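Please read these notes with the model open beside you.

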Amino acid sequence: MKNLKIALLQLMPGISLEENLAKGVDACKKAKKMGADIALFPEMWSSGYKISEDIEELKTDAVSSDSDFVCSFGELAKKLGMAIGITFLEAFEPLPRNTLCLFDRFGSRVLTYAKVHTCDFGDECRLTAGDDFYTAELDTEQGMVKIGAMICYDREFPESARILMLKGAEIILVPNACPMEINRISQLRARAYENMTGIATVNYPFGKPDCNGHSTAFDGIAYREGEPGSRDTLIIEAGEREGIYIADFPLDEIRVYRRTEVHGNAFRHPGKYGLLVSEGIEEPFIRECYRK
């Protein structure tokens, strides 16, 4: 596999599930014409990242993982011969989840991931958190690739991408719904660099409060043979406007780099990291809204 093209669907959501379905289908068709191997939606596309304060309304807004909305993208993936990462507010007990389903080019569901690090200091305190990070072997027209996923706030915890790297992820898909400024973008750059893993993030455009576009992709290749010093791992950074942006990952080069460089799991000392799995929280980090 020489290259893997991921379409970052930086789209403005509509006001209904039906409108988001129609707009999403149209965007995927355009992404396929642009040569994409994977089309990725921003966070919770089904509702346009709407989290009602009313629990009954919240549950009404949620859709099941086998709903017509979700399955329509599986059928579309098969029709187009292109993988699709669709995001939605998932019907779940006791409360809905913030979920991504990845369908391969044959229409098979190969990965389902629910956001682990819910923003419990905000509206996501009314959601059920996911229980783990997952990877999947994705069969594309370019060949097989190991895909992982994390969602928005997951980015702010190094453990998210690290676990996905340890599970073999070569590319991490990151649906997003928040202002992407220098610090958050720097987090994504760091996750790619320290794990030698490609990272593709898609955000809502400016005009969707409080988002501002700036979807990004990083290839994680900090050093390239024959070039002095380090390089910027940025593949693409979109502006604020709505659009479909293609991130072209040099996957063969990423694989060579992962076999030869010093990051990732090459020189770790896990036996010395016991404190990282301690559940103790001390001042100044104690928060009353924290949920295990």
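Which residues are linked with Glu-181 in a network of salt bridges?

1. Arg-155, Glu-156 and Arg-184 join Glu-181 in that network. A salt bridge here is a side-chain nitrogen of Lys or Arg within 4 Å of a carboxyl oxygen of Asp or Glu. By this rule the count comes to 23 salt bridges.

2. A word on the source. This is a predicted model, where local features need pLDDT of at least 70, side-chain atom pairs count only at pLDDT 80 or more, and totals for chains, interfaces and linings use all residues. Residues are numbered from 1 along each chain as its sequence is written, and side-chain values use heavy atoms, with hydrogens and water left out.

3. Look at one pair inside the network. The side chains of Arg-184 and Glu-181 form a salt bridge at 3.9 Å, N to O. Arg-184 has a relative accessible area of 23%, so it is partly exposed. Glu-181 is partly exposed too, at 30%. The cut-offs are these: buried is under 20% relative accessible area, exposed is over 50%, and partly exposed lies in between (1.4 Å probe, protein chains only).

4. Next, Glu-170 and Arg-255. Their side chains meet in a salt bridge at 2.5 Å, N to O. Glu-170 sits in the loop between helix H4 (158-166) and strand E8 (171-175), while Arg-255 is in helix H6 (residues 251-260), so the pair ties together parts 85 residues apart in sequence. Helices (H or I, at least four residues) and strands (E, at least two) are DSSP runs, numbered from the N terminus. Glu-170 is buried, because its relative accessibility is 10%.

5. Arg-189 and Asp-232 also form a salt bridge, at 3.1 Å, N to O. This pair links distant parts of the chain: Arg-189 is in helix H5 (residues 182-195), Asp-232 is in the loop between E10 and E11, and they are 43 residues apart. Arg-189 is partly exposed at 29%. Asp-232 is partly exposed at 44%.

6. Is Thr-233 buried or exposed? Thr-233 is buried, because its relative accessible area is 4%. It lies in the loop between strand E10 (216-218) and strand E11 (234-237). Leaving aside residues up to four places away in sequence, Thr-233 touches several others, including Arg-189, Phe-218 and Ile-221. Contact means heavy atoms within 4.5 Å.

7. Finally, Pro-94. This residue is in the loop between strand E3 (83-90) and strand E4 (97-103). Pro-94 is exposed, because its relative accessibility is 53%. It touches Lys-59 and Thr-128, not counting residues up to four places away in sequence.
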